[in-house]
Amino acid sequence: MAKPTLAPKPEEIDHRLYCDYARLVRLQAQAESFSLLPHLKAGSVLSGRHNSLFRGRGLNFEELRHYQLGDDIRNLDWKVTMRTGKPHVRSYTEEKDRNVIVCVDQRSAMFFASTEVMKSVVAAEVAAMCGWRVLKDGDRVGFVIASHQALFHSKPQRSQNDLLTQLKHLSRANQSLSVDSVNSEKVTFSRWVELIKRMKLKQSTLIFISDWSDCEEQHLDHLKQLQQHNDILAVMVSDPLEQTLPDDLATSKWVVGDGQYQLNLDSKAKVQAASAKLEAKTDVQRQSLAQLMAIKHLPYIELDTTGQHVKEFQKLVGGR
């Protein structure tokens, strides 16, 4: 029986390896510099259709009334106008909130980095920033957290106390990771997508933050179905060493493994072959996610482990 992983004490935390609750709370200040709602500044990569990122808050039909000076002529109801002989306009009220689900990967494959910051830390900090931003916009936010042991989900709420509770869950999931972590069968990408499908979301925004390492074609098909009635933003968290291997690696005689199989990289030919496979796999993932985003004219966003993920994410979603 495996020993339970002990979470590091706050004073012992290396923030390149783990994120603590206090750090996730402090990221509230970073949520001021970007927006997940329409009205993004011109020229940002997310100023897509109608200068908006997602569908935003919808409009509810309120009443049909006589035209008044100053009304937007685009709201004229021509059928009623022609039938009555007098101009009529349709008036709308804006929906006051929307549901945003932040889906964040904290499984064992995320506990990796060859540069500065673990992928798991990048994902957790970006997820926290999104949560704070959604609350600032007056919307409801919920989380689906995939740890290496279980899937946790919360109902979207417009509540700071609830968000703080979810950030505690997120920090615990993050700090439970180690080099010895092994994923439970309960947390495969299939189980993750199944859970989200059971939530029967409509007119919601889903933000997926993951390395997408075990996402397969059938999972993308399910996400495309979800994309029909919701907005999905896919955020890829990657590490340079997962995409290509340095040519001089053979001299170090590395042995790499996934817990079941090992590969001895003791020659230049082996390194080049392994690097080519990694590059090909990464290209397929990028193309698949880009196609998923293209359905709603949203961008493909990729963050790396160099430690610049906060500024990079702010920039990519129209931050200052």
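Let me start at a strand pair: β4 and β5 (residues 151–153) run antiparallel and are joined by three bridges, where pairing requires at least two DSSP bridges between two strands. Strands here are DSSP runs of E, at least two residues, and helices are runs of H or I, at least four, numbered from the N terminus.

This is a predicted model, in which local features need pLDDT of at least 70, side-chain atom pairs count only at 80 or more, and totals for chains, interfaces and linings use all residues. Residues are numbered from 1 along each chain as its sequence is written, and side-chain values use heavy atoms, with hydrogens and water left out.

Back to the pair. Three residues separate β4 from β5 in a hairpin, and Ala 146 sits opposite Leu 151 of β5.

How much of β4 is buried? Seven of the eight residues of β4 (residues 140–147) are, so the rest of the structure largely encloses this strand. Buried means under 20% relative accessible area, exposed over 50%, and partly exposed in between, with a 1.4 Å probe and protein chains only.

β4 also runs parallel to β3 (residues 99–106), with eight bridges joining them. Cys 103 has Val 144 in β4 as its bridge partner. From β3 the chain passes through helix α3 (residues 119–136) to β4, a right-handed β-α-β crossover: with the strands pointing away from the viewer, the path from the first strand over the helix to the second runs clockwise.

Next, helix α6 (residues 217–229). Its buried residues are His 219, Leu 220, Leu 223, Leu 226 and Gln 227. They fall within an arc of 110 degrees seen down the axis of α6, so they line one face; the arc uses directions from the helix axis to the C-beta atoms. Glu 217 and Gln 228 are exposed on the face turned away.
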